[in-house]
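I set out to record what could be looked up about the helix, the hairpin and the confidence of this structure. My entries follow.

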Amino acid sequence: MTYRADIAVFDKYGNLQLVVEVKAKTEASMDWITQLRRNLLVHSVIPATPFFLLALPDYVNLWSNTKNDGELAPPDYKIDAQEVLAPYYENSTVQLNDIIDLSVII
């Protein structure tokens, strides 16, 4: 079976540990976030892995022990992405809105 992931992270033994999905959507509701994860798993777009991360411009959502059971589970962790990435934007000529607008075009 072929899977698609924006980013895949493997351990030193070659086992898939983390799948990352990156979306340009801002102000996503918890319903949208949980439904997206569920759909990716149920429709075998991504495999079940120990960790799944959904990176959005405003929040990073992390699930641990991801199962392919169709469960609409909220993330185990939700982190304010703008707070974490702010030091990088301060030293860059690129602004968050420029990245969001560009990713919609691509």
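**Helix α1**

I looked up helix α1 (residues 30-42) first: its 13 residues reach 18 Å from the first C-alpha to the last, close to the 18 Å expected at 1.5 Å a residue. The expected span is 1.5 Å times one less than the number of residues. Helices (H or I, at least four residues) and strands (E, at least two) are DSSP runs, numbered from the N terminus.

Just after α1, I noted a positive phi of about 55° at Ser-44.

**Hairpin**

I found strands β1 (residues 7-10) and β2 (residues 16-22) antiparallel and joined by four bridges; pairing requires at least two DSSP bridges. Ile-7 faces Val-20 of β2 across the pair. Five residues separate the strands of this hairpin, and Gly-14 in the turn has a positive phi of about 85°.

**Confidence and conventions**

The model is predicted; local features need pLDDT of at least 70, side-chain atom pairs 80 or more, while totals for chains, interfaces and linings use all residues. Numbering runs from 1 along each chain as its sequence is written, and side-chain values use heavy atoms, without hydrogens and water. The average pLDDT (the predictor's confidence in each residue, from 0 to 100) is 84 for the chain, and 81% of the residues score at least 70. Over residues 102-106 I found pLDDT below 50, with two contacts in the model beyond near neighbours in sequence.

Technical notes
Contact means heavy atoms within 4.5 Å.
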